[in-house]
2 protein chains.
Amino acid sequence: MPEVLSSTPTKSNVRAALDELAAGMGNRLATSQAIREQHTNVTTWSPGPPPDGVIFPQDADDVHKAMRICAKHRVPVIPFGAGSSLEGHLNAPLGGISFDMKDMNRILAVNVEDFDCVVEPGVTRQQLNDYLRDQGLFFPIDPGADAQLGGMAATRASGTTAVRYGTMKDAVLAMKVVLASGEVLTTSQRARKSSAGYDLTRLFVGSEGTLGVITELTLRLHPIPEAIAGGVCHFPTIQASCDAAICAIQLGIPLARVELVDEVQIGICNGYSKLSLPEKPHLFVEFHGTDLGIKEQTERFAEIVEEFGGSPFEWSANPEDRSLLWKARHDMFWADKAYRPGSQVVVTDVCVPISRLAECVIETKDDIRQNRLVAPLFGHVGDGNFHTVVSVMMDDADEVERVKSFVSRLSERAIAMEGTCTGEHGVGDGKQPYLEAELGRCAVDTMGAIKQTLDPNGIMNPGKIM
Amino acid sequence: MPEVLSSTPTKSNVRAALDELAAGMGNRLATSQAIREQHTNVTTWSPGPPPDGVIFPQDADDVHKAMRICAKHRVPVIPFGAGSSLEGHLNAPLGGISFDMKDMNRILAVNVEDFDCVVEPGVTRQQLNDYLRDQGLFFPIDPGADAQLGGMAATRASGTTAVRYGTMKDAVLAMKVVLASGEVLTTSQRARKSSAGYDLTRLFVGSEGTLGVITELTLRLHPIPEAIAGGVCHFPTIQASCDAAICAIQLGIPLARVELVDEVQIGICNGYSKLSLPEKPHLFVEFHGTDLGIKEQTERFAEIVEEFGGSPFEWSANPEDRSLLWKARHDMFWADKAYRPGSQVVVTDVCVPISRLAECVIETKDDIRQNRLVAPLFGHVGDGNFHTVVSVMMDDADEVERVKSFVSRLSERAIAMEGTCTGEHGVGDGKQPYLEAELGRCAVDTMGAIKQTLDPNGIMNPGKIM
C-alpha cells in the first residue's frame, strides 16, 4: 500500500498556516480550545485530538483560498459537517484545520421540472425538506440525524428509506469539489444520467473528506407521495420478521421503509416513551403511493405478516396515528442515550445480503448476551443493514475490552457472510482494521493509489479510510 | 493532462506477445485478417484499424495470464463484448490484443432471496433473463441490443427502463477486474449497500475497458412485475409530448418506460412495419405493478395525455396487444437500418435536464432540416436522453461533412443546456472532443491521473475516453 499519511506538520508550519488564515479570513478562523474540541469527534467513542484551528468558510472562494494556504504549509484539512458521523471521521490525528461548512448553507436552485436542486454543503436535510415542501418535492435520504448534505455525501449516508430511494450514491447527481491542489473539480453536469467518462461523482461520494472539500451538490429530488401509510407488527422470532420482509420485497410490494427493531430495543423504548409494546421483534413499515395503491400494499403486507406468524398489522395513513404507531422507532436514539446514565454509546453498523440477515442478527444477539453487553439492535431490513447501540462505561476497563472485541467479531461475522463491515456509517478510523479482510489487499491498494494521486502530500483528512 | 496513451508497440513486441499467447492459449488465439476485422468497430462509422490478434479467454485465469503477457510486452488490451458499442470503443489505434469475452458466459449463482446474481462478463442480458424467468426475477436494464453484461457495465449502459430501474451504475453491485498490473481486484462484497471506502464498483462501471478487464459481475435483480401494461398516444407537438411525460413523473406515476418517437421516425416505421400511425410525435409507455396499480396508473396517464392535447391513450395489459401497440418502437432500429439502402447509420445520443428536453429536441430537429439530413429521433424522455440515427452515404463527402458538424453541434447544444454529450453510449473515441467542454479541464485531468495510476503504461484500451 502506498504511504498516504502525511507526517505531523511542524509547529512552525501550523503557525504559518494559522497566521495566513487569520490574515485572509479574520474572525472566520477560531483557535480557542473550546471550539477546537467541539470540532473533534463527539459522536463516537473513538478518541482523537482536536484540530489546530477551525475555519468557517462563507463560500467556495473561502474554501479555495484556505485550501491553498493549508496545501502550501502541508497542514491537514478536515472537512466538518454536522459532526454526526460515527466512525471517528473528524478526528485530527495530525492536527490541522477543521473546515466547518455550516455557514455555506444556501439553497442555490430548485429545478422543479427536473426534480433536482443545487445546494451548498452546509444545508441540512431537514432545512432542504422544509424549503421544498411547498413545491411538492422532497429529498428522501434519511440517516436519522439532521446531518448536512455535504457530510452525507462524504460518508455515503443512507438510512431508513434506502430500500425505496437508494443511498447518497443515488441522490447526488453532481458535485463541485476543491481538491488538495486547490483546483475546483466539477464531477458531472445536471442531466439525470451520463456516460461521459469515469464516474467522478460516485468516486467522491463516500470519500470521507480524503480527496477534497465539497463546495456544491446537485441532488435528485422526488415528488412528495400523494399518500403515506405507516404500520407496525411484531413477530415471535427475528427469523420470522426477516422472512416476512423478504417475502414482501419478493412480491414487489414497494416498501418505503421497513425497520426491524429487536425486543431489547422495544423494552428500552417502552420505558422511555411510556409504551407497552410486547417485547418481541417488531417491524415498522411505511408505504408511499396513491390512496388506492397504499390500501392494496397494506392489505397485502398484512397477509404476509399473518402468514409468518406476526401480530395483526396495525396501520394508518393519518399523520398523527402514523406518528403514534412509529413513536418507539422515532424516539429510539434518545431512549438508548438515556437508558444507562453515565455510559457512552457505541453506534456501529454492518450490512449483509438479506438472505443472511436473520442469521447474522441472531448470532450477534447471542454474542451480546454471552458477553453481558447492553446492546439494543435495529436495522434497515430491506437492505440487510443493521445497527447495534452498545452502551459502555468508559471507566470499566473490562467492559471496554468486551465492547471492542464485540465490534471486531461483528465486522468479521458480516464479512464472512459476504457482507460489509459498514453499511452506511463509513470507514473513518473505526472500521479501518476490517477493510482488507472485506475487499482484499488489491482494493485497499487501489484506493491508496487513487488517494496518493489526488492528494500526493496526504493533507486531506489524514488517517481515515486507509 | 497526463499522457496516458502508450505509443504503438514495436513489431517485435507484438510478435513476442503473440508467440507467448499462442504458446499459452493455443487455438484460443486467432490472428486471421477476417477475425481481427470482426473485432474492430463494426457498429459505428468511426474508422479504426483492427487489433493484432484476438483471444477467447475461457475463464478469469486465462484473462489473468494473457494480461500478464500483454503487460510484459506493453501491447494494448482491448476488451470486447458483443461489439454493439457505438462510439468507437473497440478501435485499436495502436494495434494490440482484443479480449473477446463471449466464452466466459456462465451464470455462476442466482441468489433469489437477495435479488442478485453472479455472472461472467460474456453472459448477454437476454441469456440472463431467459435463465431467470422461472425464478420470478428479471434483470431490467435494456439498451436495445442483446449486449453482454460485461460490456454494458464497461459503458455504463442504460436504455428504455432507466427511468424506473436506473442504469448499470445502479445494477452492478460488485465486480472482479483484472488490472493492467495483472492483479485481481474485487470492488465490493455482495451486500446491497456499503460505505466501505471509495466506490470502486462505480469507478469501473463506465470505464470503457481503460482500467482493466471485468471477469465477474454481481448484478441486482428485480421481481418480475405481477402485471405489465403498454400503451401509445400521439401529440400535436414535441413540446406537448415532453410536457405530458414530465407531468406524469411529477405526479408520481411510476412509469417503467416512456419513449418519445418523433414524426420522422414514425413515418419510417410505418413504411417498414406496414403501420399507419399518424406522423406525429408519439409516446410509447409501459407500466409495471399490480393489476389494480396498473389500472390506476393508465387511467391517470390517460387524463394527463388528454390535458396536453394528445390522442386517446390506447393501452393493454395483454402481452400480444402490448406487442402490437409497441410494434413501431420495437422495429425501429431495423427500420432505420433499412430505410436508405447503401447508407451507414450514425447512432448518437445526448442527455439534458428534462425541463430542457423539448427545447433541445426542437432545435436539433431544426438543425437536421436545415442541413438536409435524414435523421429520425427518439428518446428516453423520463431521463432527458435522446438519440438521432443519422443516415449517411459515405461516398458523399459533402453529406459526411454535414453529419460531422451536426454531431458536434448536437453535443455542444446538450452541454450548453447543462446536459451531457453522451447519456448512455459512452465516450469511446467519438465523444472525446466534447469532454473538456462538458466537465472542464480539471475533471479530464483527474480522469487522466486515475488512468495513469492504475495503468501506468497505457496498455488498457488506449485512445478511449481521454
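These questions and answers cover aromatic pairs, a sheet and a helix in a predicted model.

Reader: How are the planes of A:F138 and A:Y165 arranged, stacked or edge-to-face?
Author: Planes over 60 degrees apart count as edge-to-face. The rings of A:F138 and A:Y165 sit 5.5 Å apart, centre to centre. Their planes make 90°, and the pair is edge-to-face.

Reader: Which parts of chain A does the pair of A:F138 and A:Y165 tie together?
Author: The two parts are 27 residues apart in sequence. Both A:F138 and A:Y165 are buried. A:F138 lies in strand β7 and A:Y165 in helix α6, so the pair ties together β7 and α6 of chain A.

Reader: Where in chain B do B:F287 and B:F313 lie?
Author: These two residues form an edge-to-face pair, with 6.2 Å between centres and 85° between planes. Both B:F287 and B:F313 are buried. B:F287 lies in strand β14 (residues 282–289), and B:F313 in the loop between α11 and β15.

Reader: How many aromatic pairs are there over all chains?
Author: Ring centres must lie within 6.5 Å to pair. In chain A, A:F287, A:F301 and A:F313 form one aromatic cluster. Over all chains, the count of aromatic pairs is twelve.

Reader: Which strands stand at the edges of the open five-stranded sheet of chain A?
Author: The strand order is β5-β6-β10-β8-β9, with antiparallel pairing. An edge strand has a single partner, so one side of it is left without a neighbour in the sheet. In chain A these edge strands are β5 (107–111) and β9 (184–186).

Reader: In β6(A), what is the bridge partner of A:A109?
Author: β5(A) and β6(A) run antiparallel. Four bridges join them. The partner of A:A109 in β6(A) is A:V118.

Reader: Which helix of chain B packs on the sheet?
Author: Helix α4 of chain A lies across β5, β6 and β10, at about 50° to β5(A). The helix from chain B touches β8 and β9 of chain A. Its direction makes about 85° with that of β9(A).

Reader: At which residue does α13(B) bend?
Author: Helix α13(B) has 13 residues and spans 17 Å, close to the 18 Å expected. Its buried residues include B:M332 and B:A335. The buried residues pack against several elements of chain B, among them β14 and β16. The bend of about 50° is at B:F333.

Note on methods. Residues are numbered from 1 along each chain as its sequence is written. Chains are lettered from A and ligands numbered from 1 in the order in which they are written. This is a predicted model: local features need pLDDT of at least 70, side-chain atom pairs count only at pLDDT 80 or more; totals for chains, interfaces and linings use all residues. Side-chain values use heavy atoms; hydrogens and water are left out. Rings of Phe, Tyr and Trp (its six-membered ring) pair if their centres lie within 6.5 Å; planes under 30 degrees apart count as stacked, over 60 as edge-to-face and the rest as tilted. Buried means under 20% relative accessible area, exposed over 50%, partly exposed in between (1.4 Å probe, protein chains only). Two strands pair if DSSP finds at least two bridges between them. Contact means heavy atoms within 4.5 Å. Axes are lines fitted to C-alpha atoms, for helices over the stretch in contact, and angles run from 0 to 180 degrees between N-to-C directions. The expected span of a helix is 1.5 Å times one less than its number of residues. The bend at a residue is the angle between axes fitted to the seven residues ending there and the seven starting there.
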